Amino acid sequence: MKKTLQKKELLCIAGLILICLAWILWLKRPKEHVRVDVIHDGKTVLEFSPDEDAVYHIDGDCGGLDVEVKDGRWHVIHEQCPNHICAHTGWASAEDMIVITCLPNDIVIRMGEYTYEAQ
Amino acid sequence: MRHNEIRRWTVLGMLSAAAILCNILESVYIGPLFLNMRIGLANIASLIGLLLYGKRGFCIVSAIRVITSPLLQGTLFGSAFWISLAGVSLSVLCILILRTERHSLLFLSILSAVSHSLGQVLAVCFLYRQAAMAATLPYYVLASIAAGLATGMIASLAAKHLKPVLHI
């Protein structure tokens, strides 16, 4: 086994990094009329607009969780699950398109439909 | 011959125990750093297995860890177990396909970490019927490259010190 990274390997890693950065830039392109879907057990149980500040409660398999919407962003609070990964995920917004998942509660919070801003 | 065989299985057993310990310590004390991403400290033991005993060493340590760790944490056959199994399976498959003697450990470590993340994201997409989870993939891949680099460097350093002690 070789000891250090070879030229071909470095190029391969650099290519992978460039693809990821391009993908992130594409995900972060401006969007308008964003809708967020909350899915439990494969069904959409709540839809909300991130433009309206609010706190929503969603029932889940482990007791459920609350979603706080503020200044166009949303995050999980008061989660009742053993590992708290959903709360650790932090704030999500239309720009970063982060999907918040709570596996014990079988809840997924993700971006729904949206349109793009005219460039 | 028999002596060597006993030594090999003893070392692989110790590496598996180290991997399980790292996995549990990381789950309990460190937790996810960014999104749901973990460093993957247990992969250090698998990589040492790869350095000392080749592909077989990597597969044995990874397989024992992925089954025993959730068994000890009480999460065996839960959703997290299947997601973890998908990640480890793709990572092992990746190492099995590659001609490891032609590549550096750092590259193999990065590739293993990236394929692990890819397997986990695919498992979540499949289990929860959420194709949108693929949007997190570029973040996971970038974090995996950094994590793979770190674990590869630690494994290389550890194996360097272990080889003379274990007479390999």
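## Strand β7 of chain A and its partner

In β7(A), A:S93 is the bridge partner of A:R73. Strands β6(A) and β7(A) run antiparallel and are joined by two bridges; strands here are DSSP runs of E with at least two residues, helices are runs of H or I with at least four, and both are numbered from the N terminus. Two strands count as paired if DSSP finds at least two bridges between them.

The model is predicted, so local features need pLDDT of at least 70 and side-chain atom pairs count only at pLDDT 80 or more, while totals for chains, interfaces and linings use all residues. Residues are numbered from 1 along each chain as its sequence is written, and chains are lettered from A and ligands numbered from 1 in the order in which they are written.

## The sheet of chain A

β7(A) belongs to an open sheet of four strands in chain A, in the order β4-β5-β6-β7, with antiparallel pairing. At the edges stand β4 (54-58) and β7 (92-93) of chain A, each pairing on one side only.

Strand β4(A) pairs with β5(A) (residues 65-70) in the antiparallel sense, over five bridges. Within that pairing, A:L65 of β5(A) is the bridge partner of A:I58. β5(A) is in turn joined to β6(A) by five bridges, and these two strands also run antiparallel. Here A:R73 of β6(A) is the bridge partner of A:K70. The hairpin of β5(A) and β6(A) has two residues between the strands, and A:D71 takes a positive phi near 50° in it.

A residue is called buried if 20 or more other C-beta atoms, placed from the backbone, lie within 10 Å of its own, exposed if 12 or fewer do, and partly exposed in between.

## Chain B as a whole

Chain B has five helices and zero strands. Its radius of gyration, taken over C-alpha atoms (the globule rule is 2.2 Å times the number of residues to the power 0.38), is 16 Å; this agrees with a compact globule, because 168 residues would give a value near 15 Å. The C-alpha atoms of chain B fill a box of roughly 50 × 35 × 30 Å along the principal axes.

Of the 168 residues in chain B, 47% are buried. Two residues are in contact if their C-beta atoms, placed from the backbone, lie within 7 Å. Among contacts in chain B between residues at least 6 apart in sequence, 72% join residues at least 24 apart.

## Residue B:T151

B:T151 lies in helix α5 (residues 137-166) of chain B. B:T151 counts as buried because 26 other C-beta atoms lie within 10 Å. Leaving out residues up to four places away in sequence, B:T151 touches B:G40, B:N43, B:I44, B:L47, B:S109 and B:A113.

## Where the chains meet

The contact takes 26 residues from chain A and 27 residues from chain B. On the side of chain B that touches chain A, α3 (79-97), α4 (105-127) and α5 of chain B each supply at least two residues. α4(B) gives the most, with five residues.

By class, this side of chain B has 17 nonpolar, eight polar and two charged residues. Nonpolar covers Ala, Val, Leu, Ile, Met, Phe, Trp, Tyr, Cys and Pro; charged covers Asp, Glu, Lys and Arg; the others, Gly among them, are polar.
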